[in-house]
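This text walks through one protein model, beginning with a single residue and ending with the whole chain. Please keep the structure in view while reading.

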Amino acid sequence: MLLGIANADKKRLSVFIQFELKKRMRQDPDYTVDEFVSGICSKTKFKLLVQNKELFDSDIYEFFLRKLGYEFNYDDKIISRALADKRDLLQLLEKQNMPAFYQGLQKYLKDMESVKEYALESIEYECFNWILDVELNTNAFSALLVRFKMLDDYGQEICGYFLLKYIHDHIADRIDEKWLDRYGLKNLKALQNQFWILKLLIQWEAYYDASIYCQNVLDQAYKRKNDRLFFHTQITRLFIVMKIQPSAFEHYANQVLENPIIQEDREDDYVYEFYHVVGLHYFIEKNYEQAWHYFRRAMNDELYYFPEIIFLNHMATITSMKLPEELKEQIQVPQDQKIYQPIYRYFCLKNKKESYDTLETYLWDNCCKGLDRFYPSWVMKDIIQTEFEWIASQTGDKKYLNRFLEENK
């Protein structure tokens with residue numbers, strides 16, 4: 001312990017000490033901060049520690065750890081080997097070699113069994129066990145987020161991937177860039193993490209920041225010969241182009257079509273995202289024949305079935321196109337796509353020829369809420385407005401249409 005604890009580790013330890021102290025105080029409501037700091041330092045000095053202001057004396061951190069039942073790991077061999085293993089894991093994650101990643105992660109956790117009693121290693125052991133599941137659940141996400149700042153750089157990049165993916169898939173409509181920054185996720189450097197941040201910025205319609213992120217990811221993916229990430233980012237760029245440079249959309253779409261991956265690997269999920277975004281472009285441009293063609297291709301992937309079936313139903317309202325009978329049969333919306341449930345059920349009711357009064361009431365009561373959760377939100381607003389207009393054209397009653405227009409100026 002000649003050099004003591006590095007400043008970067010002191011910052012992580014200060015978060016760890018606060019975290020463990022709060023756990024102890026929840027378990028024992030009579031336990032106080034005075035009791036915790038007694039014999040170690042003053043409350044003033046402890047306040048500096050919890051404010052992440054590193055104290056020169058490493059002994060203070062050690063005393064607090066011992067009081068909590070932990071130690072700090074000074075073994076350079078263990079630390080160096082762990083860093084090398086985590087670097088390898090991150091490289092697998094960057095290349096999206098998920099079978100090898102999970103295999104390596106399981107081996108790493110097995111190797112950690114002997115060191116998980118150390119303070120910071122205990123946190124990493126917990127966090128890495130949670131990401132063994134392909135998809136985080138709500139509890140694992142919350143627990144991982146709370147411990148995120150206790151991880152080292154490699155641990156944050158690895159766990160950050162799964163946090164960002166969860167955010168994108170489940171709660172993007174409830175947070176923003178400031179939230180990402182507050183929890184330390186905005187500055188992640190791994191390309192896969194910047195790719196998830198890019199997709200979030202697009203969802204939040206922060207197109208200027210998204211364009212900067214996008215170009216950086218494209219440049220770095222090309223430089224590092226990460227061909228698949230380059231391909232995925234090419235497709236994601238289309239969402240930005242569609243909004244800020246629609247006249248160039250087909251130029252950039254043709255670049256995607258020239259990428260060998262779209263010809264060689266039809267099973268890549270992003271091929272279906274390509275069909276989706278191209279369909280969306282043609283839908284916005286009111287080229288409904290082309291939009292219909294691409295949406296039908298995209299819905300072969302279950303991820304896009306429900307957004308596309310809504311677009312197809314809507315186009316059947318405003319054109320002479322007919323929805324195939326097999327697509328009129330109502331099916332269950334998966335839990336992770338419940339956002340589409342109300343508008344999907346509206347079209348099912350419409351296809352069953354329910355009364356205009358029933359359709360209008362259902363549309364108002366169930367489909368006009370949470371419109372900002374959709375991307376692009378204005379497209380969904382336009383769909384609902386058109387349905388109100390269609391009903392009003394049948395009944396001559398514009399009451400609900402006018403209310404909708406008033407509330408969505």
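Start at Arg-147, which lies in helix α8, a helix covering residues 138-147. The model is a predicted one. Is Arg-147 buried or exposed? Its relative accessible area is 11%, and because buried means under 20%, Arg-147 counts as buried.

Which residues is Arg-147 in contact with, leaving aside its neighbours within four places in sequence? They are Phe-19, Ile-123, Glu-126, Cys-127 and Trp-130.

Cys-127 is in none, and the nearest cysteine sulfur, at 5.0 Å, belongs to Cys-159.

Now step back to the whole protein. It has 22 helices and zero strands, and its C-alpha trace spans about 80 × 50 × 35 Å along the principal axes. Of its 409 residues, 49% count as buried. Among contacts with a separation of 6 or more, 63% come from residues 24 or more positions apart.

The protein exposes about 21,300 Å², of which carbon and sulfur atoms supply 48%. As for charge, there are 54 positive and 64 negative side chains, and the centres of the two sets lie 3 Å apart.

Notes: Residues numbered from 1 in each chain as written. Predicted model: local features only at pLDDT ≥ 70, side-chain atom pairs only at ≥ 80, totals over all residues. Heavy atoms only, no water. Helix = DSSP H or I, 4+ residues; strand = E, 2+ residues; numbered from the N terminus. Buried < 20%, exposed > 50% of the residue type's maximum accessible area, 1.4 Å probe, protein only. Contact = heavy atoms within 4.5 Å. Areas by Shrake-Rupley, 256 points an atom, 1.4 Å probe, with all protein chains shown as cover. Lys, Arg positive; Asp, Glu negative; His and termini not counted. Charge placed at Lys NZ, Arg CZ, Asp CG, Glu CD. Disulfide = S-S within 2.5 Å.
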